[in-house]
Amino acid sequence: MFGKVTVQIKLVEGDSAGTVTAFYMSSEGPYHNEFDFEFLGNTTGEPYLVQTNVYVNGVGNKEQRLNLWFDPTKDFHSYSLLWNQRQVVFLVDETPIRLHTNMENKGIPFPKDQAMGVYSSIWNADDWATQGGRVKTDWSHAPFVASYKGFEIDACECPVSVAAADNAKKCSSSGEKRYWWDEPTLSELNAHQSHQLLWVKANHMVYDYCSDTARFPVTPLECLHHSHRHH
C-alpha cells in the first residue's frame, strides 16, 4: 500500500498486432482499485500504443492512449507507478505520462484504503487491441515474447492476514514513522515534471477519455478539476 513499483520491459518485436502486454497494480474484490499500463501491439513498423487506465471502487473507463518517443521493442525501458495519499503517477523512464490526483474534496473517490498486488501478463486481445480490432493476431509469427528485468517494489508491505484498516494505518506516516512517499515534495509534480507531462500530452497523446464527447456527453467530473488540463 503506497510507494513505487518499477519494471523494465522490452516489448514484442516485429509483428505484435493483436497482443496486449500488461503491467498493473490491482486490489481484489468487486470494488477493486487498479492502475494499468497496457501495451497494445501493432503490425511491423507501426507504433506500439500505451493505454493507461485507473479503476476506483470497481469503476474504470478512464482510458488514455499515447505513442512513445522511442521504439519500446528495441531495448528495455522502465515503467513505474508512484502511489501515495495525494496522487498516482504513471512514469516512463521517469517521465510522467499520467497524473491521477486525489480530489476527494470534490467528492471524487481516491484509492487509498485497499492494498494492491503487482501483476503482469501477455494475452491475445485481437478483438480490440490493434486498430480497433481490425487487425488480428498472426499466429504464424508466434511466439510473442515480452522481456522483463529490474523489477523493484519500494512500498509498504501488507500481509494478507491483516485487516484492511490496520494496513492503511500501518502504511501511513505518523509521528516517528515517516515514509518517503509521504514527503511534501511528492504530494504533487514538481515544475519540471509538470512541463514533461504537458509535453507528453501535447506531442504523444492520441486518445483521452476526458475529451471523448461521444462516450461521455457530460464531461467526467475529475476531468473538469484537473488543474493542468488545457482549456
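User: Leaving aside neighbours within four places in sequence, which residues is Ser27 in contact with?

Analyst: Contact means heavy atoms within 4.5 Å. With neighbours within four places in sequence set aside, the contacts of Ser27 are His32, Asn33, Gln114, Ala115 and Met116.

User: What kind of model is this?

Analyst: Residues are numbered from 1 along each chain as its sequence is written, and side-chain values use heavy atoms, with hydrogens and water left out. Local features need pLDDT of at least 70, side-chain atom pairs count only at pLDDT 80 or more, totals for chains, interfaces and linings use all residues, and the model is predicted.

User: Is Ser27 buried or exposed?

Analyst: Ser27 lies in the loop between β2 and β3. Strands (E, at least two residues) and helices (H or I, at least four) are DSSP runs, numbered from the N terminus. Under 20% relative accessible area is buried, over 50% exposed, and in between partly exposed (1.4 Å probe, protein chains only). At 7% relative accessibility, Ser27 is therefore buried.

User: How many Å apart in space are Ser27 and Cys156, C-alpha to C-alpha?

Analyst: In sequence, 129 residues separate Ser27 and Cys156. In space, their C-alpha to C-alpha distance is 14 Å.

User: Which residue in β3 does Phe23 stand opposite?

Analyst: β2 and β3 pair antiparallel over seven bridges. Across that pairing, the residue facing Phe23 is Phe37.

User: Which residue in β4 is the bridge partner of Asp36?

Analyst: Seven bridges join β3 and β4 in the antiparallel sense. Six of the seven residues of β4 are buried, so the rest of the structure largely encloses this strand. The β4 partner of Asp36 is Asn53.

User: Which strands stand at the edges of the five-strand sheet?

Analyst: This open sheet has the order β8-β7-β6-β1-β10, with antiparallel pairing. Each edge strand has a single partner, so one of its sides lacks a neighbour in the sheet. The edge strands are β8 (95–101) and β10 (147–155).

User: What is the bridge partner of Gln8 in β6?

Analyst: β1 and β6 pair over seven bridges in the antiparallel sense. The partner of Gln8 is Ser78.

User: Which residues touch the most other members of the largest nonpolar core?

Analyst: A nonpolar core is a set of buried Ala, Val, Leu, Ile, Met, Phe, Trp, Tyr and Cys residues joined through side-chain atoms within 4.5 Å. The largest one holds 37 residues. Elements that give it two or more residues are β1 (3–10), β2 (19–26), β3 (34–40), β4 (49–55), β6 (77–83) and β7 (87–92). The residues touching the most members are Phe23, Phe35, Phe37, Phe39, Tyr79, Trp83 and Phe90.

User: Why is the pair of Phe39 and Tyr79 edge-to-face?

Analyst: Rings of Phe, Tyr and Trp (its six-membered ring) pair if their centres lie within 6.5 Å; planes under 30 degrees apart are stacked, over 60 edge-to-face, the rest tilted. Both Phe39 and Tyr79 are buried. Their ring centres are 4.8 Å apart, and the pair is edge-to-face because the planes stand at 70°.

User: How many residues apart in sequence are Phe39 and Tyr79?

Analyst: Phe39 lies in strand β3 and Tyr79 in strand β6, so the pair ties together separate parts of the sequence. The separation is 40 residues.

User: At how many Å from the ring centre of Phe90 does Arg98 lie?

Analyst: Ring pairs link Phe23, Phe37, Phe39, Tyr79 and Phe90 into a cluster. A charge sits over a ring if NZ of Lys or CZ of Arg is within 6 Å of the ring centre and within 35 degrees of the ring normal. Arg98 lies over the face of Phe90, at 5.8 Å.

Terms used: Pairing = 2+ DSSP bridges.
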